[in-house]
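Please read them alongside the coordinates.

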Amino acid sequence: MTRIDAKFAELKAQGKKAFVSYVMAGDPDFDTSLELVKGLPGAGVDIIELGLPFTDPMADGPTIQLAGQRALDGGMTLQRTLDLATEFRKTDDITPIVMMGYYNPIYSRGVDRFLADAKAAGIDGLIVVDLPPEEDAELCLPAQAAGLNFIRLATPTTDDKRLPRVLQNTSGFVYYVSITGITGSAEAQATDVGPEVARIKAATDLPVIVGFGINTPEKSRAIASVADGAVVGSAIVAQIGAGKPVAEVLAFVKTLADGAHSA
C-alpha cells in the first residue's frame, strides 16, 4: 500500500473528501518553494502535486507556464525537484507526493535511474501528461513495479470505448480533467462533472479526483461533493506568482481545503 492508498483509506474512514494542491517545484525559488510545500499539510492538503518544471508544458495555461519559467530561471531541474521532495520528507513521512510533469526530463535521465531516485526521494506517484496508455511499457509499468502509483488523466472527451484503456494500468486515483482545454482556462461546473465522475466510477474502484477550473472554496466544495476530492493548481500558483508571502498563500490554500472537506 502506497502513501496515496493509505491516505484515501484514512479519508474514507473519516467520511471526508480529499483536497489535492498543485504547486510548481522551485517557484519562485527553491527555498520559498520548500517552505510552501512544508506548510501545505498544515493548511489541510491531503496530497501534494509537485510540478516538474519543463520548457514546453503543452497542457498548461499561462499561469502554470509562467511558474515553470520562474522555476527554470531560478535554476530548478529534475534533480533539484527530487532534492526538494527529499528535504520535505525529513519532517513529513506521511503526506503523499505526486510528481506531475512531462516525459522528456525523465527520459533524459533514464527511466530506471529516475524511478530509483524518485522512490528514494519519497515520491509516491507520477502524472506524466504526454504518455498515453499505448506507451505503458515506457514508464507506467516500470513505475508500478517500482512501487509508485501511475495516475492517469480522464477528460470530457474520454468516451466509453477509450475509458477502459485509460484505466487499465492506472493506480492511486483517477484524475478527471473537468474541462476541455488547458489549465486555468475555464471554470468547472459540478452539474457537468457529476455524471462524468459517476461514469468513471462505474468502471473502476479507484477514487476519482477532479481538477482544472476550481478556484474558490465554494467551487472546491461543489466539485468535491460530486467526486472523491478536488485539485486546485492555477489559483494557488497565481498567488505565488503575485508575490504573496508564504503565510498568505497557505491561508488561501486552507480556505480551499476547508471547502473540499466540508463537502
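1. Two strands count as paired if DSSP finds at least two bridges between them; strands (E, at least two residues) and helices (H or I, at least four) are DSSP runs, numbered from the N terminus. The model is predicted: local features need pLDDT of at least 70, side-chain atom pairs count only at pLDDT 80 or more, and totals for chains, interfaces and linings use all residues. Residues are numbered from 1 along each chain as its sequence is written, and side-chain values use heavy atoms, with hydrogens and water left out.

2. Strand β4 (residues 125-128) pairs in the parallel sense with strand β3 (residues 97-101) over 4 bridges, and glycine 125 of β4 is the bridge partner of valine 98. β4 also pairs in the parallel sense with strand β5 (residues 149-150), over 2 bridges; there, asparagine 149 is the partner of glycine 125.

3. Gly125 and Ile127 point one way from β4, Leu126 and Val128 the other way, and all are buried (under 20% relative accessible area; exposed is over 50%, partly exposed in between; 1.4 Å probe, protein chains only). Side chains in a regular strand alternate between the two faces of the sheet.

4. Beyond its neighbours within four places in sequence, leucine 126 has contacts (heavy atoms within 4.5 Å) that include Val98, Phe114, Leu139 and Phe150.

5. In helix α3 (residues 62-73), Ile64, Ala67, Gly68 and Ala71 are buried. Pro62, Leu66 and Asp73, on the other side of α3, are exposed. The buried residues of α3 pack against β1 (18-24) and α11 (234-241).

6. Just after α3, glycine 75 takes a positive phi of about 90°.
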